[in-house]
Amino acid sequence: MDPRPESRSGLYRWLNQRYNLDAALEFARHKKVPLHRESVWYYFGGVTLFLFLIQVLTGVLLLLYYRPGADTSHESLRFIVSQVEFGWLFRSVHSWSANLMILAAFIHMFSNFFTQAYRQPRELSWITGMLLFFLALGFGFSGYLLPWNELAFFATKVGTDIAGAVPLVGPPLLIFLRGGEDVTAVTLSRFFGWHVALLPMIFTLLLGLHLLFVQIQGMSVPAALPRAEAEKRSMPFFPSFALRDVILWLVVLNIVAVLSVFFPWELGPKADAFAPAPAGIKPEWYFLFMFETLKLIPGHVLGLEGEILGVLFFGVAGLLWTLVPFLDRHGRQDRPNPWLRVAGVLAIAYIVVMTLVGFLS
Amino acid sequence: MKPHRMTIFAGMLGAALLLSGTPAPAQNTCITCHRELGGDLAAPVTAAELGDIHAARGLSCADCHGGDPTAEDAEVSMSPQRGFMGTPQPQEIPAFCGRCHSDPRFMRRFDPAIPTDQVEKFWTSHHGQALQQGDTRVATCVDCHDTHAILPSDNPKSWVWPVNVPATCHRCHGNADLMSAYNLPADVYDQYARGVHGHALLDENDTGAPACNDCHGNHSATPPGFESVAQVCRSCHPANSEMFMVSPHRPAFDALGLPECAACHDHHEILPPVDAWLGVEGEHSCGQCHSPGDPGYQASLAIHGWVDSLVTAMETAQDLVDQVERTGIETEEAHEALTVARNALLKSRTVIHTVREDSVEQSVEEGLAAAGTAFRLSLAALEDFRFRKFGLGFASIFITLLIVALWLKLRHMEKNKSR
């Protein structure tokens with residue numbers, strides 16, 4: 001944009017008098033992105049954000065026709081994918097981008113973990129990011145049930161059963177999640193409410209904070225890189241990084257389109273509470289490693305129920321992972337932490353192997 | 001209490017104490033002796049130990065054979081004076097078993113719903129009638145139920161468990177020497193096993209499928225005969241039978257003495273019916289009885305044509321639905337239409353028993369309409385898929401051009417800035 005004030009439109013001048021847009025533009029003009037061999041990971045936050053925006057857009061479009069209810073959910077989705085103009089596209093793009101968003105969030109999270117981007121002063125960026133990640137999983141879990149198909153119905157049953165195994169709070173949590181003892185239309189109604197109202201509201205607030213923190217503090221330079229060297233080279237956020245971001249978003253958009261056309265998301269047979277559970281019920285791929293772990297744990301370990309132990313393990317692991325900025329002493333001194341690096345590699349290997357086991361079993 | 005009463009009470013108490021100290025009753029000498037004797041004489045003991053229902057319900061050898069199982073001496077225990085009857089002769093067996101099994105008052109203590117008319121029915125069977133005439137080669141109770149290892153009929157190991165019934169009958173009816181004496185075929189089991197009923201029962205373990213006794217009866221086993229074969233089939237195939245009863249075939253078959261259902265379907269080797277039977281060529285086909293020029297021949301051609309057209313239409317639609325499925329496009333509506341078509345085909349294959357062209361045509365038309373719907377939906381879906389691919393191609397080109405343009409612009413801007 002032309003920096004000379006006299007060259008700007010009347011509207012800009014009107015807004016600038018009231019909101020000091022010049023200051024924001026000045027900030028943007030000077031915003032830099034460090035350039036080093038790990039810079040590529042910076043793009044995954046943007047990709048996650050872009051996929052979330054697709055989610056919002058396609059979700060709103062689906063809401064125009066989707067009607068939650070045991071007698072209407074599956075039927076309305078069938079109507080969307082077979083009768084509504086481009087309904088199949090919105091539905092497939094929504095499902096595919098949801099899954100890719102979780103994948104991008106995984107990559108974004110692990111890249112920040114390995115580059116120790118969470119270290120001082122970015123602790124809150126990490127924590128808001130982790131909360132966003134958990135909310136994204138919540139989006140996936142609640143959205144999975146909304147088509148009210150056979151697989152989702154039984155997977156939700158299993159998933160909420162696992163939540164019910166949490167010590168102390170499990171039983172009331174199960175009732176809270178399901179809206180009763182069993183997965184019923186009430187559960188569907190709750191999941192719908194969370195998926196389209198509660199979760200988006202909290203997610204948007206946290207996302208705003210997360211982006212604000214990133215804008216204020218800028219991108220973190222990996223602790224493993226010599227600071228002087230890493231800060232020597234940079235690129236302006238506008239237009240260099242932003243345009244590269246847009247180019248990558250376009251690539252992602254094209255991938256989503258290809259997947260949606262050649263692998264449209266299946267609707268599956270309608271849920272029937274009285275039918276026997278179909279063979280091979282599995283949760284979505286991002287829950288698969290936890291599901292497989294729970295299957296592998298023996299019924300009783302050290303006097304504790306295996307399932308409870310598994311849930312406790314993942315609960316504690318998730319909590320420690322979220323609190324890593326406060327646990328990484330090396331990070332506080334801007335030094336790489338080999339122990340956490342090993343832990344991260346092991347976590348990735350475990351997730352990948354158990355996910356593959358889940359797919360192949 | 002008076003003194004003499006005290007004496008009586010003391011005497012009773014003493015007797016009770018004596019009785020309570022009496023050793024346990026002696027062993028059943030039938031079992032101990034026969035077990036010691038070994039060989040064939042021990043067979044009843046070892047067989048009874050295999051879960052025999054009589055032994056399980058507390059009946060002993062003497063309850064059927066008489067005698068005194070407490071006597072140590074065989075001469076005494078197996079003496080007529082002690083009621084010993086020995087092994088019954090074949091012609092005595094029905095009455096031998098009937099002593100208990102025909103007595104409702106005795107049998108109700110074991111099962112109030114158990115039938116007690118088996119012996120009565122048996123005498124009406126071919127087996128029973130031959131036995132009455134002195135033919136001892138025919139089957140009696142023990143030939144089907146075993147002698148000393150009699151299992152309840154709901155035990156899958158029992159000789160009369162539905163899946164085992166054909167083999168049980170086959171022990172005699174597969175004996176060519178024995179059957180030749182009665183002028184009966186000895187390959188009935190093989191014929192049955194090749195048929196739809198045999199396949200369902202023997203291969204699929206479907207106990208709902210008829211075994212020999214479901215058509216011939218159990219204790220009153222007898223061939224159904226021409227006049228009642230349709231009644232037998234009707235008990236499981238009522239819809240087909242009702243249509244046959246109002247068809248022009250019924251009076252014609254009766255006049256010709258044809259065994260109704262069995263005339264086309266056979267009786268033991270009941271093969272899966274195929275649509276070719278509706279034609280005029282080959283075994284089982286209408287052409288077996290009808291010749292060119294007669295109305296039945298023409299009707300057969302027309303009915304075959306109708307059914308065939310529905311099958312072809314369904315196959316074509318199914319192929320197209322499969323193609324759509326491979327694209328991932330929703331096919332539930334097309335599948336629903338195909339289900340309607342399948343039901344119509346099933347109905348048409350039943351309606352053919354009326355041998356009325358208009359009835360078959362009507363149900364085939366229903367199926368053709370549904371198959372047509374599935375076909376049209378699939379065709380539209382494939383067209384839609386082509387449109388999607390075209391749209392994707394167009395969008396991809398546009399996105400690629402946009403990416404190239406943005407990249408060039410970026411390079412241009414960065415180059416200008418670095419100067």
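**View 1. Aromatic pairs across the predicted model.** Over all chains, 36 aromatic pairs are counted, where rings of Phe, Tyr and Trp (its six-membered ring) pair if their centres lie within 6.5 Å, with planes under 30 degrees apart counting as stacked, over 60 as edge-to-face and the rest as tilted. This is a predicted model, in which local features need pLDDT of at least 70, side-chain atom pairs count only at pLDDT 80 or more, and totals for chains, interfaces and linings use all residues. Side-chain values use heavy atoms, with hydrogens and water left out.

**View 2. The pair A:Y65 and A:F79.** The ring centres of A:Y65 and A:F79 are 6.1 Å apart and their planes stand at 45°, so the pair is tilted. Because A:Y65 lies in the loop between α3 (43-63) and α4 (73-82) of chain A and A:F79 in helix α4 of chain A, the pair ties together parts that are 14 residues apart in sequence; helices here are DSSP runs (H or I, at least four residues), numbered from the N terminus. With 40% relative accessibility A:Y65 counts as partly exposed, and A:F79, at 42%, counts as partly exposed (buried means under 20% relative accessible area, exposed over 50%, partly exposed in between, with a 1.4 Å probe and protein chains only).

**View 3. The pair A:Y66 and A:F192.** These two rings form a tilted aromatic pair, 5.5 Å centre to centre with 40° between the planes. The pair links distant parts of the chain, 126 residues apart, with A:Y66 in the loop between α3 and α4 of chain A and A:F192 in helix α9 (residues 185-217) of chain A. Both A:Y66 and A:F192 are buried.

How values were computed: Residues are numbered from 1 along each chain as its sequence is written. Chains are lettered from A and ligands numbered from 1 in the order in which they are written. Helices (H or I, at least four residues) and strands (E, at least two) are DSSP runs, numbered from the N terminus.
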